[in-house]
Amino acid sequence: MSETGRPKLHVCITCRMAGENPGPADRATGRALYDTLRDMLADKGTEAPVELVPVVCLANCDEGCSAAISQPGKWTYLLRRLCPSIGADILAYCQAYAASPTGGVFRSRRPASLSDAIGGRTPSPDQILPAMETIE
């Protein structure tokens, strides 16, 4: 688990929205998203549903602003097409992720703004998955 037992939300601070002109990194939409979430979590301390971590490039550039949420023993989810205006929805999703034993949050349980936000998932290195022979 992370130091506080909470999932980590890695937010790409260099992400830009589709069509956004290149410019200083501190003006990227991804940086604005990170700053928005940081400000929303500032007064929550250990009650925050997630640890916020800035990262440079999640290699998902064609999908707009991106973030990845992870926690040992759970799936890691890549979120795409994010923007600062849905910060509260992102934090609600983080709460649902934290409450899920596997990290899975059904589309019907996500805020509407995040219904199509999942761009992919990967298992945690310590997660035990069934072998293909047992699935067929």
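Let's start at Pro-72, which lies in the loop between β3 and β4. Helices and strands here are DSSP runs, H or I of at least four residues and E of at least two, numbered from the N terminus. Pro-72 counts as partly exposed, because its relative accessibility is 37%. On that scale, buried means under 20% relative accessible area, exposed means over 50%, and partly exposed is in between, with a 1.4 Å probe and protein chains only. Now look across to Ser-124. Pro-72 and Ser-124 are 52 residues apart along the chain, yet their C-alpha atoms are separated by 5.9 Å.

A word on the model. It is predicted: local features need pLDDT of at least 70, side-chain atom pairs count only at pLDDT 80 or more, and totals for chains, interfaces and linings use all residues. Residues are numbered from 1 along each chain as its sequence is written, and side-chain values use heavy atoms, with hydrogens and water left out.

Next, the overall layout. The protein chain has three helices and five strands. Along the sequence, they follow the pattern β-α-β-β-β-α-β-α. Of the 136 residues in the protein chain, 38% are buried. Now contacts, meaning heavy atoms within 4.5 Å. Take those in the protein chain with a separation of 6 or more: 63% of them come from residues 24 or more positions apart.

On to α1. Helix α1 has 13 residues. From first C-alpha to last it reaches 18 Å, close to the 18 Å expected at 1.5 Å a residue. That expected span is 1.5 Å times one less than the number of residues. Which residues of α1 are buried? They are Thr-29, Gly-30, Leu-33, Tyr-34, Leu-37 and Leu-41. These cover an arc of only 145 degrees around the axis, so they sit on the same side of α1. The arc is taken from the directions from the helix axis to the C-beta atoms. The cover over the buried residues of α1 includes β1, β2 (51-55), β3, β4 and α2.

Helix α2 spans residues 87-99, also given as 13 residues. Its reach, first C-alpha to last, is 19 Å, close to the 18 Å expected. Its buried residues are Gly-87, Ile-90, Leu-91, Tyr-93, Cys-94 and Tyr-97. Seen down the axis of α2, they fall within an arc of 155 degrees, so they line one face of the helix. What covers them includes β1 (8-12), α1 (29-41), β3 (65-70), β4 (76-82) and β5 (118-122).

How do the two helices meet? Leu-33, Leu-37, Met-40 and Leu-41 in α1 meet Gly-87, Ala-88, Ile-90 and Leu-91 in α2. The two axes come within 10 Å and cross at roughly 65 degrees. Axes are lines fitted to C-alpha atoms, for helices over the stretch in contact, and angles run from 0 to 180 degrees between N-to-C directions. α1 and α2 are therefore roughly perpendicular to each other. The cut-off for roughly perpendicular is 65 to 115 degrees. The crossing is right-handed, a term used if the near helix is turned clockwise from the far one by less than a right angle.

Most residues other than glycine have a negative phi. Cys-57 is not a glycine, but has a positive phi of about 65 degrees. Cys-57 is in the loop between β2 and β3, and is partly exposed at 40% relative accessibility. Arg-81 is not a glycine either, and has a positive phi of about 60 degrees. Arg-81 belongs to strand β4 and is partly exposed, with a relative accessible area of 45%.

Technical notes: Angles under 35 degrees count as roughly parallel, over 145 as roughly antiparallel, 65 to 115 as roughly perpendicular and the rest as oblique.
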